[in-house]
Amino acid sequence: MRVQRMTVTLFIPCFIDALYPRAGMSVVQILERLGHKVVCPEEIACCGQPAFNSGYWAESRAVAVKVLEHLKDAETVVIVSGSCGAMVKNFYPQLFANTPQAELATQVSTRVWEFSDFLVTKLGVTDLGARFPAKVTFHDGCHGLRELGIKKQPRALLAKVRDLQLVEMSEAETCCGFGGTFAAKFPAISTAMGEVKCTSAIETGADYIVSNDLSCLMHLQGLLSRQGNKLKTIHLAEVLTGQ
């Protein structure tokens with residue numbers, strides 16, 4: 001499938017910018033290698049999801065309106081997170097309903113893509129020529145899976161990575177327990193849910209847990225490190241830049 005080269009506005013979520021910049025840089029590398037121009041507005045920080053999920057919609061709008069302003073002229077928006085992608089694509093129209101920004105929120109939402117979905121569904125790309133000699137298992141983040149319908153796309157990409165062995169865990173679709181503010185409000189429940197996920201991943205004998213949502217991976221890596229387990233977490237984009 002032949003796709004016209006485009007200008008991609010990359011939305012790097014705040015926690016990725018602060019803690020996992022390599023994932024963002026990997027996405028830039030992939031998109032530029034495919035011939036697209038990538039712009040990344042530094043002014044965009046948080047999408048407003050923490051306040052939205054906690055019921056503080058007015059405070060969320062105060063943050064989100066700045067995102068809308070910087071994305072209003074974007075041809076295509078790619079977000080390196082299932083949760084933040086779902087926020088802008090699915091929940092911004094709800095957040096801004098009956099406000100002066102309602103029409104803009106709807107317009108922007110139609111141009112938003114999660115990273116793996118953009119590659120596979122929009123561009124028709126699955127083989128990026130990557131090599132990653134390891135056994136991996138994949139974690140389906142709740143927002144990506146349940147809000148955006150992302151399941152086959154990352155697996156289609158992993159299937160084309162040379163020397164990579166994907167072993168599905170029994171709890172692939174089970175919530176990891178992070179949930180953003182949920183982990184702060186209910187730490188004991190969050191930890192117990194995360195331990196179920198970690199146990200399932202460990203049982204596969206994998207070297208890495210791969211996901212397209214780094215907030216989940218941050219939670220799981222913290223639990224694994226405290227357990228002293230050698231299993232590591234890595235974002236899909238970093239696997240796809242392997243040589």
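This is a predicted model: local features need pLDDT of at least 70, side-chain atom pairs count only at pLDDT 80 or more; totals for chains, interfaces and linings use all residues.
1. Start with the open sheet of four strands whose order is 2-1-3-4. Its pairing is parallel. Strand 2 (37-39) and strand 4 (112-114) stand at the edges. Each has a single partner strand, so one side of each is left without a neighbour in the sheet. From one strand to the next, the twist averages 35°.

2. **How strand 3 is held in that sheet.** Strand 1 (residues 7-11) pairs with strand 3 (residues 76-79) in the parallel sense, over four bridges. Val8 has Thr76 as its bridge partner, and Phe11 has Ile79. Strand 3 also runs parallel to strand 4, and three bridges join them. Here Val77 has Val112 as its bridge partner.

3. **The two faces of strand 3.** Which residues of strand 3 are buried on one side, and which on the other? Thr76 and Val78 lie on one side, Val77 and Ile79 on the other, and all are buried.

4. Strand 5 (residues 131-138) pairs with strand 6 in the parallel sense over four bridges. Lys135 has Gln165 in strand 6 as its bridge partner.

5. **Helix 11: length and end.** Helix 11 (residues 187-203) has 17 residues. From its first C-alpha to its last it reaches 24 Å, close to the 24 Å expected at 1.5 Å a residue. Just after helix 11, Gly205 takes a positive phi of about 75°.

6. **Helix 11: its buried side.** Ser190, Gly194, Lys197, Cys198, Ser200 and Ala201 are buried. Why do these residues lie on the same side of helix 11? They cover an arc of only 160° around the axis, which puts them on the same side. An α-helix has 3.6 residues a turn, so residues three or four places apart point the same way. The face turned away from the buried side of helix 11 carries the exposed residues Ala188 and Glu203. The cover over the buried residues includes strand 5, helix 10 (181-185), strand 7 and helix 12.

7. **Leu224, a buried residue.** Leu224 is in helix 12. Its relative accessibility is 0%, so Leu224 counts as buried. Leu224 touches Cys198, Ile202, Ile209, Asn229, Leu231 and Thr233, leaving out residues up to four places away in sequence. Leu224 and Gly194 are 30 residues apart in sequence. In space they are 9.4 Å apart, C-alpha to C-alpha.

8. **The core.** The largest nonpolar core has 73 residues. Tyr92, Leu119 and Leu240 have the most contacts inside it. Which residues does Leu119 touch, not counting residues up to four places away in sequence? They are Ile30, Leu31, Leu34, Gly124, Val125, Leu128, Leu157 and Leu240. In soluble globular proteins, nonpolar side chains tend to be buried together.

9. Asn98 has a phi near 65°, a positive value in a residue other than glycine. Asn98 is in the loop between helix 5 (82-95) and helix 6 (102-109). At 82% relative accessibility, Asn98 counts as exposed. The phi of Asp163 is near 65°, and Asp163 is not a glycine either. Asp163 sits in strand 6. With a relative accessible area of 49%, Asp163 is partly exposed.

Technical notes: Residues are numbered from 1 along each chain as its sequence is written. Side-chain values use heavy atoms; hydrogens and water are left out. Two strands pair if DSSP finds at least two bridges between them. Axes are lines fitted to C-alpha atoms, for helices over the stretch in contact, and angles run from 0 to 180 degrees between N-to-C directions. The expected span of a helix is 1.5 Å times one less than its number of residues. Buried means under 20% relative accessible area, exposed over 50%, partly exposed in between (1.4 Å probe, protein chains only). The arc is that of the directions from the helix axis to the C-beta atoms. Contact means heavy atoms within 4.5 Å. A nonpolar core is a set of buried Ala, Val, Leu, Ile, Met, Phe, Trp, Tyr and Cys residues joined through side-chain atoms within 4.5 Å.
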